[in-house]
Amino acid sequence: MLSSLTAGAAEDAAARLELVPFDEVERRAHAAPAALDALAFLAPAERVKIIAEVKRSSPSRGALAAITDPAALASTYQSAGASTVSVLTEGRKFKGTLEDLELVREAISIPVLRKDFITLDYQVYEARAAGADLVLLIVAALDQGQLEHLQELIQSLGMTALVETHSADEVERALDVGASLIGVNARNLSTFELDPDLFGTLADRIPAGIIRVAESAVKTAADVSHYRASGADVVLVGEALVTGDPARTLEEFLGVS
């Protein structure tokens, strides 16, 4: 599944490249307003912080929510206390677009994460041109040279990489490229099975000073509490927010100590 998603995202980026040349996207990226300091917004605090996601669909669950107004949803997230908004921009399985990210960026004053299957410089420049402050890098989708290069490119544009891992080896690879924001995804991106305890088994491998993000397998406040007790500074939540009352659910999750 991961290989298919990554290949599809690269094909879609190539199609966009035919419409908007690389030089033009690079120019737009450099002309965009400066990125927000996402690390400041996500820094460890007395209470858990939440990255709230704009997510219409997923390969495992299918359609989740129509989200006809992503900007309004993002504004709700910000008002309810989210520290960052994640926007799925992958179109084939998640039904997202870069336009969603642009609309969200215009509507809120907290950082915006481009969540996609990033393997190309072009995608990073697109993210910055659209207003992203963070870009997801999935260690399992990249060789070490790619991971290091993309991490450096993201930093050079003033953004932050959320480096996503699924194993002890991948955590080490993230540390080797100097990641300052490391996520542990409970969802196996090959099988799409969930392991809610994976974060807890890997958290101690992430040194102090690096922000720890728990991703996936969040349905209730108890799940957030479980991650918090396991050492999470931040929890990324998507499905639980878009399939219920976003504001009330987010406030419940943020009430976890």
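The lining of the largest pocket is made up of 14 nonpolar, 6 polar and 10 charged residues. Here Ala, Val, Leu, Ile, Met, Phe, Trp, Tyr, Cys and Pro count as nonpolar, Asp, Glu, Lys and Arg as charged, and the others, Gly among them, as polar. The structure is a predicted model, in which local features need pLDDT of at least 70 and side-chain atom pairs pLDDT 80 or more, while totals for chains, interfaces and linings use all residues. Residues are numbered from 1 along each chain as its sequence is written, and side-chain values use heavy atoms, without hydrogens and water.

**First stop: the largest pocket**

This pocket holds about 510 Å³ of space. To find it, select K55, R187, S216, A217 and E239, which are the closest to its centre among the 30 residues that line it. A pocket is an open set of points on a 1 Å grid where a 1.4 Å probe fits, with protein on both sides within 12 Å along at least five of seven lines, and lining residues have an atom within 4 Å of a point. Helices (H or I, at least four residues) and strands (E, at least two) are DSSP runs numbered from the N terminus.

**Second stop: the second largest pocket**

Now select R28, L98, E99, E102 and E126, which lie nearest the centre of the second largest pocket, a space lined by 15 residues. Helix 1 (2–19), helix 2 (22–31), helix 5 (98–107) and helix 6 (121–130) are the elements that give two or more residues to this lining, and helix 6 provides the largest share, with 4 residues. The volume of the second largest pocket is about 320 Å³, and its lining has 7 nonpolar, 2 polar and 6 charged residues.

Which residues of helix 10 are buried? Select residues 221–229 and pick out V224, Y227 and R228, which are buried (under 20% relative accessible area, whereas exposed means over 50%). Looking down the axis of helix 10, you will find these buried residues within an arc of 100°, so they line one face of the helix; the arc is that of the directions from the axis to the C-beta atoms. A222 and A229, on the other side of helix 10, are exposed. The buried residues of helix 10 pack against helix 9 (198–202), strand 9 (211–215), strand 10 and helix 12 (246–254).

Continue to helix 12, where P246, T249, L250, F253 and L254 are buried. Their arc, seen down the axis of helix 12, is within 135°, so they too line one face of the helix. The partners against which these buried residues pack include strand 1 (49–54), helix 4 (70–80) and helix 10.

**Last stop: two loop residues**

Select A186 in the loop between strand 8 (181–185) and helix 9; at 5% relative accessibility, A186 counts as buried. Beyond its neighbours within four places in sequence, A186 is in contact (heavy atoms within 4.5 Å) with residues including E193, S216, A217 and Y227.

Finish at F94, found in the loop between strand 4 (84–88) and helix 5. F94 is buried, with a relative accessible area of 8%, and, leaving aside neighbours within four places in sequence, its contacts include L5, K55, P59, L88 and F117.

How values were computed:
Grid points are joined across faces, edges and corners, and a volume is the space filled by probe spheres set on the points. Buried means under 20% relative accessible area, exposed over 50%, partly exposed in between (1.4 Å probe, protein chains only).
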